[in-house]
Amino acid sequence: MAQPIGRHFLQIPGPSNVPDRILRAMSAPTIDHRGPEFARLTLDILDAVKPVFGTTGPVIVYPSSGTGAWEAALVNTLSAGDRVVAFETGHFATLWSQMARRFGLQVDVVPGDWRHGADPDALAERLEADSGHAIKAVCVVHNETSTGALSRIPEIRRVLDEAGHPALLLVDTISSLGSVDYRHDEWGVDVTVSCSQKGLMLPPGLGFNAVSEKALRAHAAATLPRSYWDWAPILEANRTGFFHSTPATNLLYGLREALRMLDEEGLPAVFERHARHGEATRAAVRAWGLDVLCLDEREHSPVLTAVLLPEGHDADKVREVILERFNMSLGAGLGKLRGRVFRIGHLGHFNDVALAGTLAGVQMGLELAGLPPEGDGVTAALRVLTTGAAA
Ligand SMILES: *Cc1c(COP(=O)(O)O)cnc(C)c1O
């Protein structure tokens, strides 16, 4: 590999690029997490983070990855033997189901082809067959990062409401939060799971659970073993601005800065920017003559685009060439998509020119990897960026 010069392009769909402002905020000295200055920091953050989740209720912050926040959502609300419906939207949804099974939950998986989001009609069928309300929770991954399909949470909510079904709605927003419109309260979500290193532009290390009143009632009755992940002692300590165990102080400095940045740009503008970048990227992929993995026009992810290669081509080879020649990282195909797709991340701290550079790198990489693009995807993307219209 040539000596890399210039900025590395970290175009995987998380961790995303961390802005200098956040890195600088995190470089402040660590303070006493039992002192008054810390209490002010916590209370500020716990307040400022709510609009990003679209909630007025509590948000619990863990020193953890997203996987930990998944576990927290399950162990705080469910009991061994409970039935849970989950959708096989892709690799992450599959991992969450496997975790649920390890806790002794009976997971009823709605099969999927990894090219669509969660199917509301399939949920309606399952709920209709469950007049005894044995199903205790429905687990959905909002943005399936392995495929680039965005599930329609309001439609999932509508199906639950129309069935009059009391199951909890648990949603993984690990790669959508802070990049895609999301409304915990309005959509009647009970636990929203997220983490720091994707749309929130932070390094890895913080996990989140936003919880509804109904989730808190479920917590009081749930009997899965919980200790570190238990909401109760955290909520109790948070009331005065503290945590019961040592929090990730410097990541919290970063979170405070990230929330300021999202507020300065304005969430609607943040969401519009991501949607535009998604559209421009798909225009490029189509101009190259390649397939966008997600098949439903209503479900294209504004966060990442998974590009499906024709049979006989190795997506890892394309990624390898691009890393070696252009110092840019793209996401690998995960699970059964290994080698079949590469994923272009366009989330977080990102702008039009950075997207243009990213797509230029991909276009050159395809050529060098023996997959000469049919057409000029970069120009197709620039047209979307400048005029808002695909060719
Ligand atoms: C990244 C990701 C996860 C896993 O999060 P970790 O921080 O790696 O534990 C889970 N779900 C989705 C949708 C993700 O994008």
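A: Let's start at Pro15, which sits in the loop between β1 (9–11) and α1 (20–26); helices (H or I, at least four residues) and strands (E, at least two) are DSSP runs numbered from the N terminus. Gly14 and Pro15 are joined by a cis peptide bond, with omega about -5°. What you see is a predicted model, in which local features need pLDDT of at least 70, side-chain atom pairs count only at pLDDT 80 or more, and totals for chains, interfaces and linings use all residues. Residues are numbered from 1 along each chain as its sequence is written, and side-chain values use heavy atoms, leaving out hydrogens and water.

Now for the sheet. Seen in order, β2-β10-β9-β8-β5-β3-β4 form an open sheet of 7 strands with mixed pairing (two strands pair if DSSP finds at least two bridges between them). At its edges are β2 (59–63) and β4 (106–110), each pairing on one side only. From one strand to the next, the twist averages 20°.

Inside the sheet, β9 (residues 191–195) and β10 (residues 206–211) run antiparallel and are joined by 5 bridges. Thr192, for instance, has Ala210 in β10 as its bridge partner. Helix α9 (residues 231–238) packs on the sheet and touches β2, β9 and β10, its direction making about 105° with that of β2. Such angles run from 0 to 180 degrees between N-to-C directions, with axes fitted to C-alpha atoms, for helices over the stretch in contact.

The loop between β9 and β10 holds Met201. Its phi is positive, near 70°, in a residue other than glycine. With a relative accessible area of 5%, Met201 is buried (buried means under 20% relative accessible area, exposed over 50%, partly exposed in between, using a 1.4 Å probe and protein chains only).

Asp108 counts as buried because its relative accessibility is 17%. Beyond its neighbours within four places in sequence, Asp108 is in contact with Arg83, Val84, Val85, Ala86 and Arg126, where contact means heavy atoms within 4.5 Å.

Trp114 is not a glycine, yet its phi is positive, about 65°. Trp114 is also buried, at a relative accessible area of 5%.
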